[in-house]
Amino acid sequence: MELPFAESWKIKMVEPLRSSTREEREQWLRDAHYNVFQLPGENVYIDLLTDSGTGAMSDRQWAALMMGDESYAGSRSFYELKDTITRITGFDFVIPTHQGRAAENVLFSALVKKDDIVPGNSHFDTTKGHIEFRKAFAVDCTVDEAKDTQLEVPFKGNVDISKLRDVLEKDAHRVPFIIVTITNNTAGGQPVSMENLREVRKLADEFGKRVIFDSARFAENAYFIKTRENGYEHKSIKEICLEMFSYADAMTMSAKKDGLVNMGGFIATRHEDWYEAAKAFVIPFEGFLTYGGMNGRDMAALAVGLEENTEFDMLRTRIHQVEFLAKKLDEYGVPYQRPAGGHAIFLDASLILTNVPKEEFPAQTLTIELYREAGIRGCEIGYILADRDPVTRENRFGGMDFVRLAIPRRTYTDNHMAVVAAAIRNVFERRNEITRGVKIIWEAELMRHFTVKLAPAD
């Protein structure tokens, strides 16, 4: 008899969870203006808002915290982190930052100017926000297969090379770099193939452009290359990572995801001119070059986390839990972005709440209903997150309308996932009763979804 699958770790410490009543959750939603970002964490039963900084660290990481060197300049922990990053990515120049959006802020301050065009595959909210904040334009060149959530193809996160070529042929003089997000979060946590990364590199070289990887989940991308792409099944995750980054010139990293830490990030590059340009912004924005926005102890824990999470067993355990939830949803007939991504399930609200008009934000409505049902907090990755067009100021309804259920690493059990699946089933079974959504009563100009205030639609 074949042995069943089991986690590659055992539990050493636990935190109690508190459930709540539906009446309590109704009041909390009203208090939060129907924006789940505004809910206190203690009022959430199972928190799938994000996998960013919400994972559990290992015993080796906690031990590393105690060994952190807090020297303002020349911290030993920085050099340990730098050596780890260089070994995994091949990049020699490293700048720590306090998180991924800080890395974008520092690097884009040096590289992006007004009226620039930055093509890529489904820029995430902070990436697009940092581009548009500088009065530049983010152009999505993701493959069309990503728009069909029920289509089963292995690398839905890929860059469409024809779309990218069109941008470069028309506006190469306005393109400071190409950005590739691995895995492609906005498209549903979908991976990018090694073949596609090579094609992007070849096209970039043809037009004399550099390539940046948004690398928050690069290890999960490497896992999918190993398990889905011919020729990589016998390669180690670290070998695959080295090849992936060989096709890039630089990376920004939110270490709160695949770095397995609660806070941190970095920029890494092979080009000294980009490193020198970024240095001018990291000191005023973040801190000195050898700590950026990070404590020494956090850099020490990150170095260990990067080593741990670029091992196959750790990644297999993590992605198995996402697949476990997906199989439950398959049993109940709930539509989501297929195949299941690496860090989350993305419910397709456009196929679930078909009676809610897009102007009333179906994915946000579904997010609210899931919290109302069971105290489970997801995140809208849809029309509210898309913000308004920077020129017309109209809502952007052209993309996908997802509810992302991001699963923290080493945090919940499969039993928690079964509860999540049952709650989704309950909402799904009464989907035809949900005919009205929400309206915006206040919003910020950029990245509005974090602070937007909503009310039930009239």
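Over the ring of which residue does the charged end of arginine 425 sit? That ring belongs to tyrosine 332, and the charged end of arginine 425 lies 5.0 Å from its centre, where a charge counts as sitting over a ring if NZ of Lys or CZ of Arg is within 6 Å of the ring centre and within 35 degrees of the ring normal. A further example is arginine 210, which lies over the face of tryptophan 274 at 5.1 Å from the ring centre.

Before I go on, please keep in mind that this is a predicted model, in which local features need pLDDT of at least 70 and side-chain atom pairs count only at pLDDT 80 or more, while totals for chains, interfaces and linings use all residues. Residues are numbered from 1 along each chain as its sequence is written, and side-chain values use heavy atoms, with hydrogens and water left out.

The structure holds 16 aromatic pairs, meaning rings of Phe, Tyr and Trp (its six-membered ring) with centres within 6.5 Å, called stacked if the planes are under 30 degrees apart, edge-to-face if over 60, and tilted otherwise. The ring centres of phenylalanine 108 and phenylalanine 177 are 5.4 Å apart with their planes at 35°, so this pair is tilted. Phenylalanine 108 belongs to helix H4 (residues 100–111), whereas phenylalanine 177 is in the loop between helix H6 (161–171) and strand E5 (178–181), so that the pair links parts of the chain 69 residues apart; helices (H or I, at least four residues) and strands (E, at least two) are DSSP runs, numbered from the N terminus. Both phenylalanine 108 and phenylalanine 177 are buried, that is, under 20% relative accessible area with a 1.4 Å probe, protein chains only.

Phenylalanine 346 and phenylalanine 402 form an edge-to-face pair, 5.5 Å centre to centre with 80° between the planes. They come from strand E9 (residues 344–348) and strand E12 (residues 402–406) respectively, 56 residues apart, and both of them are buried. There is also one aromatic cluster, formed by Phe91, Phe213, Phe218 and Phe245.

The largest pocket has a volume of about 1300 Å³, and of the 34 residues that line it, the closest to its centre are Met13, Gly55, Ala56, Arg410 and Thr411. A pocket here is an open set of points on a 1 Å grid over the protein atoms alone, where a 1.4 Å probe fits, with protein on both sides within 12 Å along at least five of seven lines, and lining residues have an atom within 4 Å of a point.

Conventions: Points joined across faces, edges and corners; volume = space filled by probe spheres on them. Buried < 20%, exposed > 50% of the residue type's maximum accessible area, 1.4 Å probe, protein only.
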